[in-house]
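This briefing covers the aromatic ring pairs of one structure. Please look at the sequence and the model first, then read the points below.

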Amino acid sequence: MAGAFYRILLIAWRGRCCRNRWCESVFGLGRAVPGVLLSIAVMPLVVPNVWHHHFGKITAGWALAFLIPFAAYFGIHAAWVNLVHALLAEYVPFVILLTALYVVAGGIYIGAACKVRRG
């Protein structure tokens, strides 16, 4: 399974043909990544109202922009397995870690027991 992942990553990055399913005219991931990163970094600054009201839809659109070609090339089952893996093995533990850090940091109180001399 890891070999297939690296193969699709290489194909997507270069935008090259593989088994006559993709052609050179298809933009590779190397050309798309800057657009994704710029839209995530610039949209909140340029159009904050649109970003804050529709960021979930924008994120879902970028996810589907990757997932649909992946499913077309490797099949729906492989796309589903990788989506579930990304959610359960990567996203959920990250959210749990952030929640734990927030809870732990929320209980910390920093105070000083010394007196300050003035003058």
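A residue is called buried under 20% relative accessible area, exposed over 50% and partly exposed in between, with a 1.4 Å probe and protein chains only. The model is predicted, so local features need pLDDT of at least 70 and side-chain atom pairs count only at pLDDT 80 or more, while totals for chains, interfaces and linings use all residues. Residues are numbered from 1 along each chain as its sequence is written, and side-chain values use heavy atoms, with hydrogens and water left out.

**Ring pairs**
- The structure contains four aromatic pairs, where rings of Phe, Tyr and Trp (its six-membered ring) pair if their centres lie within 6.5 Å; planes under 30 degrees apart count as stacked, over 60 as edge-to-face and the rest as tilted.

**Trp 51 and Phe 55**
- The ring centres of Trp 51 and Phe 55 are 6.4 Å apart and the planes are at 35°, so this pair is tilted.
- Both residues lie in helix H3 (residues 48-74), four residues apart, about one turn of the helix; helices are DSSP runs (H or I, at least four residues), numbered from the N terminus.
- Trp 51 is buried, at 12% relative accessibility, whereas Phe 55 is partly exposed, at 46%.

**Phe 66 and Phe 70**
- The rings of Phe 66 and Phe 70 have centres 5.5 Å apart and planes at 35°, so the pair is tilted.
- About one helical turn separates Phe 66 from Phe 70, because they are four residues apart in helix H3.
- Phe 70 has 7% relative accessibility and so counts as buried, while Phe 66, at 43%, counts as partly exposed.

**Cluster**
- Phe 66, Phe 70, Tyr 73 and Phe 74 are linked into a cluster by ring pairs.

Terms used: Helices (H or I, at least four residues) and strands (E, at least two) are DSSP runs, numbered from the N terminus.
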